[in-house]
Amino acid sequence: MTTVQPIAERASVQLAAGAEAAAPPPSAGRKVALLRVLGPGHVWALGVGIVLVGEFMGWNFAVGKGGAVAALAACWLAGILYTCVAMIDSEITSTVAAAGGQYAQAKHIIGPLAAFNVGLYLVMAYTMLEVSNAIVAGDLIEAFAQSLGLEGAIDKRAFMVLTVVALAFLNYRGVLATLTLNLVITAAAFAAIVVLFVATQPWAPGTVLKHEALLGGLPYGALGILAAMHFGLWFYLGIEGTTQAAEEVRSPARALPLGTMTGMMTLLIAATLTWYVCSGLMPWEYLGQAVTPLYDAARLTGSRWLELFLFLGTLFATVASANGCINDASRAWFAMGRDRYMPVWFGAVHPTYRTPYRAVVFFVPIAILFAVSTPLDQTITFSILSGLLGYTLMALSIVLFRRKWPLGSIQRGYVHPLHPLPAALLLVLCVVTYLAVFLGYGTQLLAMMAFYIAASAWFVLHRYKYVRRGEQFTMPWPKPRGY
Amino acid sequence: MAGRPPYEPPIQSVLGQIVDAVLMLVLVFITLYLPLLFKLAGGGTSTTELPNPTWDSLGQNATMAGQWEKLGFTPEKAAGIIGTRFDYSFNWGLVALTAAIIVGYFIVMFRYSDRQYREVIAEHFDGSSKG
């Protein structure tokens, strides 16, 4: 309970700021101190809660792109990428402790156009993740109905729409209760993975898990390892969300890196367990296209109670994640409206529920449209691409940050070691992932770039004239070096 | 620090805001949804079809066949999944074009951002706009 309360408080402070933003000038009203109550454990829970759904669906498309062994290599390579992300983000967020996360950081370090793009990355990554969750929820319920002998009795699209609309309604009304519930069901989902792992008797290879007969080597050769990196990101996408709590942790210098790094370790372990169980139960060709791999793994054990447990675990993980995604996407959109990067109409707060209700409702038709008519791998790819663009920007952003405010010029909550090695490594791994996406999904990569280029042109040529210049910088820092 | 007064943005009409909001929806629809609708994006795959497939002809050993069957598949139903492979052949020209678009996007973004950032810094720290 205590874990989620600050999230709601943060949202309410952001919204209060937004309410003031509707009546200019807003900057004076934003100096609201948040309660510093979170420790490393809370930071850990925040990160793992956001990301855990990645173990239940989506990661296995890496198996389809390169085989099971390639997916494991991609899982660990992506782990290195996200370790760099966590290190860099811990330094920036513990220093730029402004509401809005990476969007606010880009405003202070790079400039308005970059911030506009980062805001869109967040909105698109979260919205497409929400869509993916809705697709999985629909498919899962259909599969479960089939396993109960109700084949053809339900239309999964109805459940996809219901998931999006019901969660949007909850977010419209306020999210404290649902965020509280989120943590409980995330814990249940994590327990489901561990129980499944134990139930498959990993200490007795060949009894339940049959890797020797099922693994299938590298069907695409070494190129498959590169290609698998595309969906390898799905194991961890969103872990950088841990640092969003920077304003509410008691000791950012200790809690942020510790909570984030232990979160990364947890996910690395959970990802490896998930891979081990699934690759030992399913032929790689099936695993590579499955919508609900962990649920399928439970079915293959032949245990009805395990099947039910993983059905609930998968459903919980997807619903919790979709709920968090609506919450985060709407707040990013709201923040952009508040700063006039988007119409100020979106910066409004509901008079009764104190939620960014217009931003919540705005994305419902988009989410439904994609959910009912788009394959899961495509929506996941859109989400991954938006995240990937953000990580690329992060690698460049830390270099600018250190150049504009060298060590010692401002107080940093945490200084990540070995700079610029993590930034360089992150950039290299981002380039590798662009290549991985290009293999098989090149048109989508270009479509995504077309979207961001067109949106950027719109911002520069039209939208920026509505933005108040000086108010984009709110940190109490000295002038950046070179300006 | 005498300079121009802080930039005062114009007030956008309600109609203008609606147009801007709809424009974003249209942009998402055109750039992201239409390529999917017309099957232009994703799934760079090819499928090999086998007449009268058996687990053997599909390259599945006894363990694999057993797991497929537990999942409710017959060789006929599984053939489409097993026969589908990604096609990783590509031409370097398209790689170079995609790379140029991504690099160009970041270069232009950083240059424009820096230009806007200078206005922000000037107005915030000096109380004047260089724009």
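Helices (H or I, at least four residues) and strands (E, at least two) are taken as DSSP runs, numbered from the N terminus. The structure is a predicted model, in which local features need pLDDT of at least 70 and side-chain atom pairs count only at pLDDT 80 or more, whereas totals for chains, interfaces and linings use all residues. Residues are numbered from 1 along each chain as its sequence is written, and chains are lettered from A and ligands numbered from 1 in the order in which they are written.

Chain A contains 19 helices and 0 strands. Of its 483 residues, 63% are buried; a residue is buried if 20 or more other C-beta atoms, placed from the backbone, lie within 10 Å of its own, exposed if 12 or fewer, and partly exposed in between. Contacts are defined by C-beta atoms, placed from the backbone, that lie within 7 Å. Among the contacts in chain A between residues at least 6 apart in sequence, 83% join residues at least 24 apart.

The largest nonpolar core comprises 188 residues, a nonpolar core being a set of buried Ala, Val, Leu, Ile, Met, Phe, Trp, Tyr and Cys residues joined through C-beta atoms within 7 Å. The members that touch the most other members are Ala71(A), Ala74(A), Ala78(A), Ala228(A), Trp333(A) and Leu426(A). Helix H7 (residues 112–147) of chain A supplies the largest share of this core, with 22 residues. When neighbours within four places in sequence are left aside, Trp333(A) is in contact with Val123(A), Met342(A), Phe346(A), Ala359(A) and Phe362(A).

Arg340(A) counts as buried because 22 C-beta neighbours lie inside 10 Å. Leu418(A) is exposed, because 10 other C-beta atoms lie within 10 Å.

For chain B, an unreviewed UniProt entry annotates residues 21–41 and 90–108 as "transmembrane region"; UniProt positions are given in the numbering used here, feature names are shortened, and annotations may be inferred rather than shown by experiment. Residues 90–108 of chain B are 89% helix and 0% strand, and the end C-alpha atoms of this span lie 27 Å apart.

How values were computed. Two residues are in contact if their C-beta atoms, placed from the backbone, lie within 7 Å.
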